[in-house]
Amino acid sequence: MALFGTNGVRGIANEYITPELAVNLARCLGTYMGSKGTVAIGCDTRISGQMLKSAAIAGALSTGLSVIDVGIVPTPSILYYVRDFADAGIIVTASHNPRQYNGIKFIAGDGSEFSRDAEKDIEKIYHSGEYSIVSWEKTGSFRIDSGVNEYYIRNIIKSVNAEAIRNCKFKVVADTGCGAGSLTLPFLLRELGCQVLTLEAQLDGTFPWRNPEPLPEALTELTNLVKMTGADLGVAQDGDADRVVFVDENGQFVNDDVLLAMIAKYMVKHEKGPLVTPVSSSQRMVDVAEEEGVELYWTAVGSINVVRKMMEVNAVFGGEGNGGLIFPKHQYCRDGAMGCAKVLEILAGGKKLSDLEKSVPHYFNEKTKVPAKNAHAIMEIVKNEASGLGHKMDTSDGVKIWYKDGWVLMRPSGTEPIFRIFAEAKNQERAEELLQEGLDMIIRAEKSSRLANKLSPS
């Protein structure tokens with residue numbers, strides 16, 4: 001059985017993601033590393049985080065690894081730290097997933113998330129149950145480093161035009177959602193000379209006001225405060241702060257795909273080179289790449305897939321249409337705080353955020369999700385139906401059907417027992433129509449799968 005989903009190992013805390021699992025996954029890492037080296041281990045603010053982090057520390061020490069406990073950190077913060085000071089890392093987080101979830105992600109020595117091949121190696125060790133447990137005198141050393149977030153902030157500032165940002169004295173409303181970004185984003189903004197108003201900047205792993213995913217409907221306080229205070233923009237992060245979304249100066253949510261294309265356009269104007277994005281991203285990325293004369297590469301959904309392709313083709317920018325922005329000159333991972341700093345750098349050029357939104361082609365996007373079991377069986381039925389429609393089709397991750405006036409993508413989530421459906425078209429009515437077509441295909445496939453199970457001999 002596969003352990004890893006789209007982004008790490010995730011599930012309900014203390015049901016699937018248990019201390020026992022955390023211990024054994026850390027033992028897998030120690031075994032994979034030959035019981036040699038240093039591993040940094042941290043967590044986000046989820047209330048199960050300290051429990052699971054402690055278990056992971058114990059597992060790593062038992063295999064002879066030296067452990068650095070970095071405390072509560074955003075995912076991009078620990079990745080940056082591992083690149084410079086450790087041989088590997090573990091972050092205990094479920095990123096944007098609801099309160100009850102937690103997860104475990106492995107970090108490679110270069111500061112990127114583990115590759116798919118490395119994940120498979122970890123799975124083999126886990127299923128074998130054969131861990132390299134060392135004798136008592138060879139157990140690893142342990143220390144705490146509380147300066148990880150400060151180091152991360154300093155290096156973001158070095159990666160942007162901080163002087164230009166400071167000269168603008170932006171007013172920014174920051175909603176860190178009680179997540180790990182509460183320890184970094186407000187402080188970064190102040191260091192960049194911004195007047196900062198914070199929402200939900202206290203550390204609270206129950207996420208009392210909104211779920212960790214910064215969806216538009218969960219950001220009403222942010223949008224209202226931007227309008228009330230005359231702020232230049234509002235910014236919100238998910239639980240582990242690797243993603244970022246924005247509200248413009250009018251209090252309007254900036255579409256995630258618009259944000260991705262907008263920053264892509266800025267990046268390739270300053271440095272020509274390839275762009276990388278998953279199949280769930282907008283046609284806007286195609287338009288930007290064609291307009292700027294650069295290559296665009298598609299990948300399966302998941303930042304790991306995007307990052308590995310970016311490394312392969314030496315991309316200048318990449319990311320996902322969910323606020324996951326990757327700036328390779330800074331580091332190879334989704335980085336919410338870096339994304340915010342880069343947007344401020346762009347705004348320092350003199351335009352407002354609402355003006356920048358208009359700089360990329362306009363499309364209408366719709367997305368939804370539906371609970372579903374037996375994802376593999378359902379996906380095969382959808383592929384069979386879609387192949388008979390006579391349209392261009394991409395099956396690298398789920399099923400994406402290209403129409404002349406839009407597209408629809410249906411794919412099983414790698415982190416939750418659901419199907420995600422995305423649609424895009426040049427007008428709202430067609431986007432809604434394509435979304436409904438995708439939803440209907442999933443529903444029909446789910447019914448067919450249930451019927452097949454009933455009819456199959458027991």
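Modeller: Helix H9 is largely enclosed by the rest of the structure, because 13 of its 15 residues are buried. This is a predicted model, and every value here is computed from it. H9 runs over residues 256-270. At 1.5 Å a residue its 15 residues should span 21 Å, and the C-alpha atoms at its ends are 22 Å apart, which agrees. The N-terminal end of H9 is capped by Asn-255, which places a side-chain oxygen 2.7 Å from the backbone nitrogen of Asp-257.

Next, the aromatic rings. A pair of such rings is described by the distance of the centres and the angle of the planes. The whole structure contains 9 aromatic pairs. One of them joins Tyr-32 and Phe-114, a tilted pair with 5.5 Å from centre to centre and 50° between the planes. This pair links distant parts of the chain: Tyr-32 belongs to helix H1 (residues 19-32), Phe-114 to the loop between strand S5 (101-107) and helix H4 (116-128), and the two are 82 residues apart. Tyr-32 has a relative accessibility of 37%, so it counts as partly exposed. Phe-114 has 6% and therefore counts as buried. Trp-402 and Trp-407 form another tilted aromatic pair, at 6.4 Å centre to centre and with 50° between the planes. Both of these tryptophans, Trp-402 and Trp-407, are buried. Tyr-32 and Phe-114 also belong to one aromatic cluster with Phe-4 and Phe-106.

Two lysines are placed over tryptophan rings. Lys-392 lies over the face of Trp-402, 5.2 Å from the ring centre. Lys-400 has its charged end over the ring of Trp-298, at 4.7 Å from the centre of that ring.

The loop between S5 and H4 also holds Glu-113. With a relative accessible area of 8%, Glu-113 is buried. The side chain of Glu-113 makes a polar contact of 3.0 Å with the side chain of Asn-7. Leaving aside residues up to four places away in sequence, Glu-113 touches several others, among them Leu-79, Lys-105, Phe-106, Ser-303 and Arg-308.

As for the cysteines, the structure holds 0 disulfides. For Cys-194, the closest cysteine sulfur is that of Cys-340, 7.3 Å away, which is too far for a bond; the cut-off for a disulfide is 2.5 Å. Cys-194 is buried, with a relative accessible area of 9%. Cys-28 also counts as buried, at 0% relative accessibility.

Last, the backbone angles. Most residues other than glycine have a negative phi. Ser-95 is not a glycine, yet its phi is positive, at about 55°. Ser-95 is placed in the loop between strand S4 (88-92) and S5, and at 0% relative accessibility it counts as buried. Phe-207, again a residue other than glycine, has a positive phi near 45°. Phe-207 lies in the loop between strand S8 (195-199) and helix H8 (220-229). With a relative accessibility of 0%, Phe-207 counts as buried.

Technical notes. Residues are numbered from 1 along each chain as its sequence is written. This is a predicted model: local features need pLDDT of at least 70, side-chain atom pairs count only at pLDDT 80 or more; totals for chains, interfaces and linings use all residues. Side-chain values use heavy atoms; hydrogens and water are left out. Helices (H or I, at least four residues) and strands (E, at least two) are DSSP runs, numbered from the N terminus. The expected span of a helix is 1.5 Å times one less than its number of residues. Buried means under 20% relative accessible area, exposed over 50%, partly exposed in between (1.4 Å probe, protein chains only). A polar contact is a pair of N or O atoms within 3.5 Å; within protein, one must be able to donate a hydrogen and the other to accept it, and residues adjacent in sequence count only if both atoms are side-chain atoms. Rings of Phe, Tyr and Trp (its six-membered ring) pair if their centres lie within 6.5 Å; planes under 30 degrees apart count as stacked, over 60 as edge-to-face and the rest as tilted. A charge sits over a ring if NZ of Lys or CZ of Arg is within 6 Å of the ring centre and within 35 degrees of the ring normal. Contact means heavy atoms within 4.5 Å.
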